[in-house]
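Here's a short walk through a protein model, one spot at a time. Keep the 3D view open while you read.

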Amino acid sequence: MDIELFDYYLPEELIAQEPSKVRDECRLLSVNKDTLTYKDEYFYDIVKYFHQGDVLVRNNTKVIPARLFAIKDKTLAHVEVLLLKDLGEDTWECLCGNAKAIKEGTILHFKDDILIGKCVKVLDEGIRHIKFTYRGIFLEELDKVGLMPLPPYIHKQCEDNDEYQTIYAKVSGSAAAPTAGFHFTNEILDITLNIGLGTFRPVKVKDTKDHKMHSETYEISKDVADRLNLAKKENRRIIATGTTSVRTLEANITKYKEFKETNEATDIFISPGYEFKAIDALITNFHLPKSTLIMLVSAFMGREFTLKCYEHAVTEKYRFFSFGDAMFIYGNKKD
């Protein structure tokens, strides 16, 4: 499909620059994808849509301060580095600004040499493998050096790093927050997925079939898999919190024909025409035009209806993107 089909008009002032003061008091657009109707509410109203036996899947990944600034050895050039994936043995896959200046063997100095990095591999599209040396524990040293990796449309750093975490974040390693979970105050079910470059990168190809998703690592425990399989067997709803949870669940059930305990990577790309096998409802934020995320939402409830809902949200001045308001998308199953 032509990516222009997923474009919409968004005034810049509707891009939320900070989170709601009270997480569950943000606005909620409740959407019935079967009857093609929607209702303006607040996030705390979502509980009335939950039914006994529903399984709510939430991503308990914890964002690390993955945005780093370095000085290149000898030339003293300034370089920005975003940590994407822990490759083990103190080596990370990174997205680098001014990447042409970073060749194999390049040494990078981070904030008084708290961290020192050496490029050990050069890949395409600004990706580099960097091996770090440091004293102490890496994540503790990273806290002294790094900033939260806010998306480029948020123009100021958080006053408190916890603003860019869900309250149930546990497993460190992600380069972006599962933002649909920002609105929650209670934890029901954990699922871990480390959000990679695909979250940041726009779709650059003209046709969606040519787009290649960057892979993301996810983990599903045996307990989670068993509970999800039982819900399927008993025809109970599975509600995904966020597009990362959707991709995890759909990738897992597509590969194994049921939910299975695993820790692996997926590059699943969900766009209109995809047949959902795992989820029955979705909690999500409002996403960027022409992004893989709005394509996923369009696959779930139809492209034209998705754009109609987005047009309504713009008219009603909802807040958009990571710190913005939410949608709850459901159908008539169990209603």
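A polar contact here is a pair of N or O atoms within 3.5 Å; inside a protein, one has to be able to donate a hydrogen and the other to accept it. Keep in mind that this is a predicted model.

With that cut-off in hand, go to Arg236, in the loop between helix H2 (222-233) and strand E14 (238-241). A polar atom of the Arg236 side chain sits 2.7 Å from the backbone oxygen of Gly53. The side chain of Arg236 also makes a polar contact of 2.8 Å with the side chain of Glu234. Is Arg236 buried or exposed? Buried means under 20% relative accessible area, so Arg236, at 18%, counts as buried.

Next, look at helix H1, residues 138-145, where Phe138, Glu141, Leu142 and Val145 are buried. These residues span an arc of only 105° around the axis, so they lie on the same side of H1.

Last stop: helices H4 (residues 292-301) and H5 (residues 303-315), whose axes come within 7 Å and cross at roughly 115°. That crossing of H4 and H5 is right-handed. From H4, Ile294, Val297, Ser298 and Met301 meet Arg303, Phe305, Thr306, Leu307, Cys309 and Tyr310 of H5. Sorted by class, the contact of H4 with H5 has 7 nonpolar, 2 polar and 1 charged residues.

Key: Residues are numbered from 1 along each chain as its sequence is written. This is a predicted model: local features need pLDDT of at least 70, side-chain atom pairs count only at pLDDT 80 or more; totals for chains, interfaces and linings use all residues. Side-chain values use heavy atoms; hydrogens and water are left out. Helices (H or I, at least four residues) and strands (E, at least two) are DSSP runs, numbered from the N terminus. Buried means under 20% relative accessible area, exposed over 50%, partly exposed in between (1.4 Å probe, protein chains only). The arc is that of the directions from the helix axis to the C-beta atoms. Axes are lines fitted to C-alpha atoms, for helices over the stretch in contact, and angles run from 0 to 180 degrees between N-to-C directions. A crossing is left-handed if the near helix is turned anticlockwise from the far one by less than a right angle, and right-handed if clockwise. Contact means heavy atoms within 4.5 Å. Ala, Val, Leu, Ile, Met, Phe, Trp, Tyr, Cys and Pro count as nonpolar, Asp, Glu, Lys and Arg as charged, and the others, Gly among them, as polar.
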